[in-house]
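Visitor: I have a model on screen and want to learn how to read it. Where do we begin?

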Amino acid sequence: MDELITKRVKEVLNGNQEAFEEIVIHFQHRLYQVCYRMLNNTAEAEDIAQEAFVRAYVNLETYDQKRKFSTWLYRIATNLCIDRIRKKKPDYYLDATVPGTDGLNMYSQLSTDQQLPEEEVEKMEMKDRVQYEVNRLPDKYRTIIILRYMEDLQLQEIADILEMPLGTVKTRVHRGREALRQQMGSM
Amino acid sequence: MEKCPKHVVHYIHLYLDGEISNEEEIIMNEHLNTCEECQTVLEELEETISLFKNVDVIEAPVGFATGVAARLPQSTIRRGPKKWLRQHPIMAAAALFLILMSASLFSSFENDQQFSFTKQPDVIVEGETVVVPAGKIIKGDLVVKNGDLRIEGEVDGNVTVIRGSKYMASTAVITGSSEEINEVFDWLWYKIKSVAKDIIPSSKEQKPETE
């Protein structure tokens with residue numbers, strides 16, 4: 001399979017744009033899935049995953065053909081997702097009280113898809129619950145947990161995608177897993 | 001948890017990543033047998049991981065690939081000469097240098113229409129003809145541009161006539177080399193030679209010995 005992709009990449013580099021379509025078709029579900037896991041929104045996932053393919057096409061010359069193409073593609077997609085998440089982040093603290101209200105804090109201002117009441121969470125189907133809990137993880141653990149357990153990637157591959165030392169990835173898997181256990185247990 | 005050594009918690013995670021060594025596993029199991037709390041932690045962690053198996057596989061929506069194709073910029077992939085230039089920067093630089101050099105040489109050949117000659121004390125100018133009178137000896141090189149040269153005396157050096165003719169009387173003597181340049185390529189060759197002479201002074205000095 002990898003050989004076929006390498007061949008297609010070479011064809012695209014030689015000017016055959018149609019060969020790129022085959023690459024898109026081959027990776028579309030995997031890339032869309034990882035974007036969806038990170039962003040938890042179908043429209044945004046489609047937008048970012050498509051953008052990732054466009055970036056891959058435009059920057060194909062910079063791809064090192066000795067490495068795995070999927071790793072490179074995942075890297076583009078996860079970077080785009082992380083950027084998107086950062087832009088969405090409000091720059092105020094949730095625990096800060098809202099001025100002019102009587103002790104009301106920012107938690108009360110959040111839309112429902114960010115934080116749900118406990119009863120709601122308990123009624124969730126398990127698969128939705130997992131997605132919900134993963135999205136509540138701190139950024140640095142979330143990406144790694146998604147790649148490790150939702151995409152089923154090896155630790156070394158995750159390190160390559162995120163351009164991090166393997167040791168850092170291991171530590172974050174440990175901490176992310178522990179954080180997730182506590183979140184699940186607290187309910 | 002205070003009685004549980006930190007390295008056991010670490011071993012639990014190594015165990016979950018499948019990276020635990022045999023000795024570490026023995027230590028971990030010994031601890032787990034005596035500590036219910038750690039047993040629960042391990043069970044809960046394994047349970048958490050197993051939850052991911054229920055997560056649905058998500059597929060990209062229909063028309064995803066067409067959407068990508070529509071967003072691709074047209075002809076962003078560099079091809080042909082542009083790509084070649086990127087891959088051979090030295091060749092590109094050399095080619096550019098040659099083009100500019102030859103352009104300046106050709107233009108100087110085309111535009112340089114003025115009559116001129118090397119100023120030497122004994123030469124006489126008649127119209128556009130430079131005359132070396134009989135019995136006189138010119139010390140040094142003589143260059144005449146866009147004019148004729150008539151030599152009746154002696155030139156102790158090289159003689160060059162560019163776009164003109166050279167007439168030699170029977171009494172004429174040239175100790176150096178002598179040439180007439182009328183064509184663009186001769187001109188080019190002359191230019192290159194003179195540049196080379198400037199760069200390598202020895203080539204100038206060797207000349208009189210060989211001729």
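Predicted model: local features only at pLDDT ≥ 70, side-chain atom pairs only at ≥ 80, totals over all residues.

Visitor: How many helices and strands does chain B have?

Guide: Chain B has eight helices and 11 strands. Of its 211 residues, 30% are buried. Take contacts in chain B between residues at least 6 apart in sequence: 25% of them join residues at least 24 apart.

Visitor: Next, the interface. What area do chain B and chain A bury between them?

Guide: About 3800 Å², with 62% of it on carbon and sulfur atoms. The contact takes 40 residues from chain A and 36 residues from chain B.

Visitor: How many polar contacts and salt bridges cross the interface of chain B and chain A?

Guide: Five salt bridges cross it. There are also 12 residue pairs in polar contact, both residues at pLDDT 80 or more. On the side of chain B that touches chain A, helices H1 (6-16), H3 (36-51), H4 (64-71) and H5 (80-87) of chain B each give two or more residues. H3(B) gives the most, with six residues. That side divides into 18 nonpolar, eight polar and 10 charged residues.

Visitor: Now the cores. Which residues touch the most other members of the largest nonpolar core?

Guide: First the general idea. In soluble globular proteins, nonpolar side chains tend to be buried together. Here the largest nonpolar core has 77 residues, and Phe20(A), Cys35(A), Phe53(A), Phe69(A) and Phe52(B) touch the most other members. Helix H2 (residues 18-39) of chain A supplies the largest share of this core, 12 residues. Another core, of 13 residues, lies apart from it; Val123(B), Val155(B), Val159(B) and Ile174(B) are among its members.

Visitor: What does Phe20(A) contact, leaving aside its neighbours within four places in sequence?

Guide: Phe20(A) contacts Val12(A), Phe53(A), Ala56(A) and Tyr57(A), and also Val68(B) and Leu72(B) in chain B.

Visitor: Is Thr71(A) buried or exposed?

Guide: Thr71(A) counts as buried because its relative accessibility is 7%, and the cut-off is under 20%. Thr71(A) sits in helix H4 (residues 69-88) of chain A. Sequence neighbours within four places aside, Thr71(A) contacts Glu157(A), Asp160(A) and Ile161(A).

Visitor: Last topic: salt bridges. How many does a search of the whole structure find?

Guide: The general idea again comes first. Side chains of opposite charge can pair when their charged atoms come close. Over all chains, the search finds 23 salt bridges. One of them joins Arg84(A) and Asp47(A), at 3.0 Å from N to O. Arg84(A) is in helix H4 of chain A and Asp47(A) in helix H3 (residues 42-58) of chain A, 37 residues apart. Arg84(A) is partly exposed at 23%, and Asp47(A) is partly exposed at 29%.

Visitor: Which residue of chain B forms a salt bridge with Asp47(A)?

Guide: Arg71(B), with the closest N and O atoms 3.1 Å apart.

Visitor: And where do Glu126(B) and Arg150(B) lie?

Guide: Their salt bridge has its closest N and O atoms 3.5 Å apart. Glu126(B) is in strand S2 (residues 124-126) of chain B and Arg150(B) in strand S6 (residues 148-151) of chain B, so the pair ties together parts 24 residues apart in sequence. Glu126(B) is partly exposed at 41% relative accessible area. Arg150(B) is partly exposed too, at 27%.

Visitor: Which residues do salt bridges that share partners join into one network?

Guide: Glu44(A), Asp47(A), Glu51(A), Arg55(A), Arg84(A) and Arg71(B).

Methods: Residues numbered from 1 in each chain as written. Chains lettered and ligands numbered in written order. Heavy atoms only, no water. Helix = DSSP H or I, 4+ residues; strand = E, 2+ residues; numbered from the N terminus. Buried < 20%, exposed > 50% of the residue type's maximum accessible area, 1.4 Å probe, protein only. Contact = heavy atoms within 4.5 Å. Core = buried A, V, L, I, M, F, W, Y, C linked by side-chain atoms within 4.5 Å. Buried area = accessible area lost by both parts, 1.4 Å probe. Salt bridge = Lys/Arg side-chain N within 4 Å of Asp/Glu carboxyl O. Polar contact = N/O pair within 3.5 Å; in protein donor to acceptor, adjacent residues only side chain to side chain. Nonpolar A, V, L, I, M, F, W, Y, C, P; charged D, E, K, R; others polar.
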